[in-house]
Amino acid sequence: MNWRAVIDVVLLVSLCTVKALPRSYRDTEGKISIGQRFSQLQEKNFKAIALVLFAQYVQGETFSKVAAMAEAVTGLAERCAAAAARDDPRCLQPLDRIFLDTICQEDELPAFAACCAGKDPERNSCFLALKNSSQGLVSTFTRPDAEAACKDYSQHQHLFTGQFIYEVSRRHPFLYAPTILSVALRYEEVLKNCCGSTGGAARSPEDCFRRQAPAVLRPLKEDGLRQEHTCGILEKFGERTLKALKLAQISQKFPKADFVTVTKLVLDVANAHKACCHGDTLACMSHREEILHYVCSNQQTLSSKIQQCCEQPLLDRSQCIIHAENDDRPAGLSPHIREFIEDKGVCDQFAREKDTHLARFLYEYSRRHPEFSAQMLLRIGKGYEELLKECCQSGAADACRSRGEEKLKKHIHETQSVMRTSCDIYKEKGDYYFQNELLMSFTKKMPQLTSAELIKFTKQMTAVGSKCCQLSPDKLLPCAEENLDLVLGEICRRHLVDPINPGVCHCCSSSYSFRRPCLGKLEVDEHYVPLSLTPDLFPFNEELCTTDEEKLQHKKQEMLINLIKYRPQLTQKQLTSVTVAFTAMRERCCGDKERGMCFAQEGPELIKRSEKLLSA
């Protein structure tokens, strides 16, 4: 089976075609048959989606078995599309039932025996639960060795794209299917460029891969991370928080859209995320494509910035719209919303329809302030809610609400000040020394994390500085806080797997919108028992003489982390003194003919001197 040909036309599928997928395929029994859906999607698209879906459901099975199931269900769909078979009972079953029947009819799938013994819809829920519990079942997808990939591609070109789809899908059971298909086609282009028989690429396929593959594979990591992040918010903080976040983001993106339209989009987007986070592949695709269809069909009332996105191939449309600029604010839109503070009927409205009133406030405030992050807008919305709760119960509501406005201005100033200060430090110190500042701070807050984890998370935060600190003031806050939110979300998900400490627990659990300021205010973990001073805590050896600057910086950062875990109360002045002494020792020993002997003598002496410095 030539899987490259199977998905070649997926990039050209129109919205109208994919819109043929029902809003919730579980609710469509007797309405849209598998034959109709085959006719709407055509064989190549149907088979590609089937391969993704089966690989995401039965992650532990071989490619040949998964491909055979995709072939079988596509064959059934093709037969059902023929006029003579349209009344066949099998052809009238819902698509999810047909997919699960196909899995359950397979021999040697004992892991699914309990699910297959159940009846729908419980059977479907059982399969989704297995998918949820199988995170980490398969090792993370990594770029294969270039030489091996080129050999495999030349020998099995007709199977390569299908194999790639299978490998990625089983490792990302919740990832949006069109993202996987898009990356698969682009990855094959990399293979063509790097494994060719002529040109410079053929002489050095590894260099070619190193240059081209990361950009092609990046969407797998980034989309997967964003989806995990959103699902984490939904699971931890609930649907109300997710809807509030999407309300702020959509109001900023489409400031000309009226409240009813934005509310409709918020509900649709929240429902899409619920399906995607639950692992409902077909429902997830259906929801997302319907949203795209609605947005692109209503550009006139939504945004003037998305026309080019809506003209792109389907698989590129979603990401293009997400990353498109916010539309211009309507002319004459005042930056203030005085009516929510000064109107005499505010307390009555709040009492009658609390959620609608708060949603309208968040909508009006968000569409006026594209320079704020969505998280900050949620904090403002929460502050407004607390203000009304307090003021509407007091006898002096007007004066009370005025005090709340002052608190709001103070919070906005503090948030902007924190981001500006961080960027000033980043611009002054550069990547490496800025990351070291973060390492000092986060090792004190979260000493339970491993050195590798601390270096990874602070490197991601440093990348946020590199990305956002160069932007204009009106773009800085949304860029910085929303990208930091992804990193902090990853830390909090790590905490769920293996609890870090009570302070982190509180910040990760109490409030989504206040998570960043809460973690920022954490100081030294008072419950942490410092490391004991052992000979291997600070390994001084010839590896410190490496000329590879990246490796040397990594070793220094590992030592910095261990130093803080050994002395959590370490001050900047003490660190500077120890660093000067370490640098002098390193230069001395790396210039010595007997480097190993020098480090063996000088290392223990440095530790003794450092202990005195740290005890002073």
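Cys 309 and Cys 320 form a disulfide, with 2.0 Å from S to S; a disulfide here is a pair of cysteine sulfur atoms within 2.5 Å. The torsion about their S-S bond is about -70°, so the disulfide is left-handed.

The model is predicted: local features need pLDDT of at least 70, side-chain atom pairs count only at pLDDT 80 or more, and totals for chains, interfaces and linings use all residues. Residues are numbered from 1 along each chain as its sequence is written, and side-chain values use heavy atoms, with hydrogens and water left out.

**Other cysteines**

- A search of the whole structure finds 16 disulfides.
- One of them joins Cys 115 to Cys 126, with 2.0 Å from S to S. The link of Cys 115 and Cys 126 is left-handed, with -70° about the S-S bond.
- Cys 115 lies in helix α6 (residues 113-116) and Cys 126 in helix α7 (residues 122-133), so the pair ties together parts that are 11 residues apart in sequence.
- Cys 115 counts as buried at 3% relative accessibility. Cys 126 counts as partly exposed at 27%.
- Cys 347 and Cys 392 also form a disulfide, with sulfur atoms 2.0 Å apart. The torsion about the S-S bond is about -85°, so this disulfide is left-handed.
- Cys 347 is in helix α19 (residues 346-352), while Cys 392 is in the loop between α21 (374-391) and α22 (397-445). The two are 45 residues apart.
- Cys 347 counts as buried at 17% relative accessibility. Cys 392, at 27%, counts as partly exposed.
- Cys 505 is in no disulfide. The nearest cysteine sulfur belongs to Cys 508, 7.6 Å away. Cys 505 is partly exposed, with a relative accessible area of 33%.

**Helix α25**

- Helix α25 spans residues 502-510, and its buried residues are Val 504, Cys 507 and Cys 508.
- These residues cover an arc of only 90° around the axis, which puts them on the same side of α25. The arc is that of the directions from the helix axis to the C-beta atoms.
- An α-helix has 3.6 residues a turn, so residues three or four places apart point the same way.
- The buried residues of α25 pack against α12 (205-253), α24 (473-497) and α26 (515-521). Contact means heavy atoms within 4.5 Å.
- Asn 501 caps the N-terminal end of α25. One of its side-chain oxygens lies 3.1 Å from the backbone nitrogen of Gly 503.

**Listed binding site**

- UniProt lists His 278 and Asp 280 for "binding site" in an unreviewed entry. Such annotations may be inferred rather than shown by experiment; positions follow the numbering used here, and feature names are shortened.
- His 278 is found in the loop between α13 (259-277) and α14 (281-297). Asp 280 lies in the loop between α13 and α14.
- His 278 is partly exposed, with a relative accessible area of 38%. Asp 280 counts as buried at 5% relative accessibility.

**Domains**

- The chain is divided into domain 1 (34-134), domain 2 (174-324), domain 3 (329-528) and domain 4 (542-615). These bounds come from an automatic or database domain assignment.
- The centres of domain 1 and domain 4, taken over C-alpha atoms, are separated by 60 Å.

Conventions
Helices (H or I, at least four residues) and strands (E, at least two) are DSSP runs, numbered from the N terminus. Buried means under 20% relative accessible area, exposed over 50%, partly exposed in between (1.4 Å probe, protein chains only). A polar contact is a pair of N or O atoms within 3.5 Å; within protein, one must be able to donate a hydrogen and the other to accept it, and residues adjacent in sequence count only if both atoms are side-chain atoms.
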